[in-house]
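Please read these points with the sequence and the model side by side.

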Amino acid sequence: MLSVSLRFCRLSAQRNGAADADPAQPLLPLLSLAEQERCARLPAIHASRAIVARALVRTELAAALGVTPSSLVFVAGRHGKPALLDPPRPLAFNLSHSGEWVALAWHTGRDALSLGVDVEQRSAGRRDVMRLARRYFSHPEQLALEALAGAAREALFYRLWTLKEAWVKAHGLALAPQLGAVSFSLQDGALAVANATQHDTGRFLHGETDGDACASLCVLAGEAQPVSVDAWIGMPRGDWSRMSLRGWSGSLSV
């Protein structure tokens, strides 16, 4: 059984003075000096989210590998997908962030099967979803969106976008040229995939995090490979609560 772990963090932009101290600041020492310097150049709220994201990666992957967070060295692969340099045992991981949300997926399976995760916080009415769909989505996906309006169209757009981006990230591909080549259909809660590329289709899990965000996971595992997924929500070095995946769809077990 391949066990995939999902971790979600949510860092609100709404804080009121000292009573709502920035929860990211105590995590700063977990980052490398280069990471701290990059975060220092960002606007405050973006810096906080970047700190949480990097601390999440370092603490969770270090725990999975039985090493210290500071010992992890990251390198950029083709198209910028990050990887660990010389991990003590096989590990595959992927990170995503959008708005207030950060998502991390990883596993330590023997074959280090690649995976991709994407989370997207909805921005109601602030994005021309049909313009983006006509540029990046397949024709059937565009028709599905055109058949809807308002919030329903927007919800479907974000669901399709996260599925497509998770697949692209699992393969470590350039994002834009590939989005229209793999097409998803969501009918009555069932997920179907039409793959017109030379790349593996993979296995998927998809759903909503907390009503205002969608997330998708793609694991490049064959249909015969048993895969389970567990999800938790919290903060690095803080409390974690198991996250229900009830209502999520796809071909991965929860």
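1. In which strand is the place of Val-75? Val-75 belongs to strand S2 (residues 74-76); helices (H or I, at least four residues) and strands (E, at least two) are DSSP runs, numbered from the N terminus. At 35% relative accessibility Val-75 is partly exposed, where buried means under 20% relative accessible area, exposed over 50%, and partly exposed in between (1.4 Å probe, protein chains only).

2. The model is predicted: local features need pLDDT of at least 70 and side-chain atom pairs count only at pLDDT 80 or more, while totals for chains, interfaces and linings use all residues. Residues are numbered from 1 along each chain as its sequence is written, and side-chain values use heavy atoms, with hydrogens and water left out.

3. There are nine aromatic pairs in the structure. Rings of Phe, Tyr and Trp (its six-membered ring) pair if their centres lie within 6.5 Å; planes under 30 degrees apart count as stacked, over 60 as edge-to-face and the rest as tilted. Phe-8 and Trp-101 are edge-to-face because their planes stand at 85°, with the ring centres 6.3 Å apart. This pair joins distant parts of the chain, Phe-8 being in strand S1 (residues 2-10) and Trp-101 in strand S5 (residues 101-107), 93 residues apart. Phe-8 is buried at a relative accessible area of 0%, and Trp-101 is buried at 1%.

4. Phe-137 and Phe-157 make a stacked pair, 5.3 Å from centre to centre with 15° between the planes. Phe-137 is in the loop between helix H3 (129-136) and helix H4 (139-146), and Phe-157 is in helix H5 (residues 150-171), so the pair ties together parts 20 residues apart in sequence. Phe-137 is buried at 5% relative accessibility; Phe-157 is buried too, at 0%. Both rings belong to a cluster linked by ring pairs, together with Tyr-136, Tyr-158 and Trp-161.

5. Phe-137 also has a charge over its ring: the charged end of Lys-164, 5.1 Å from the ring centre. The term requires NZ of Lys or CZ of Arg within 6 Å of the ring centre and within 35 degrees of the ring normal. The charged end of Arg-7 sits over the ring of Trp-240, 5.9 Å from its centre.

6. Leu-148 is in the loop between H4 and H5 and is partly exposed, at 31% relative accessibility. Beyond its neighbours within four places in sequence, Leu-148 is in contact (heavy atoms within 4.5 Å) with Arg-153 and Leu-156.
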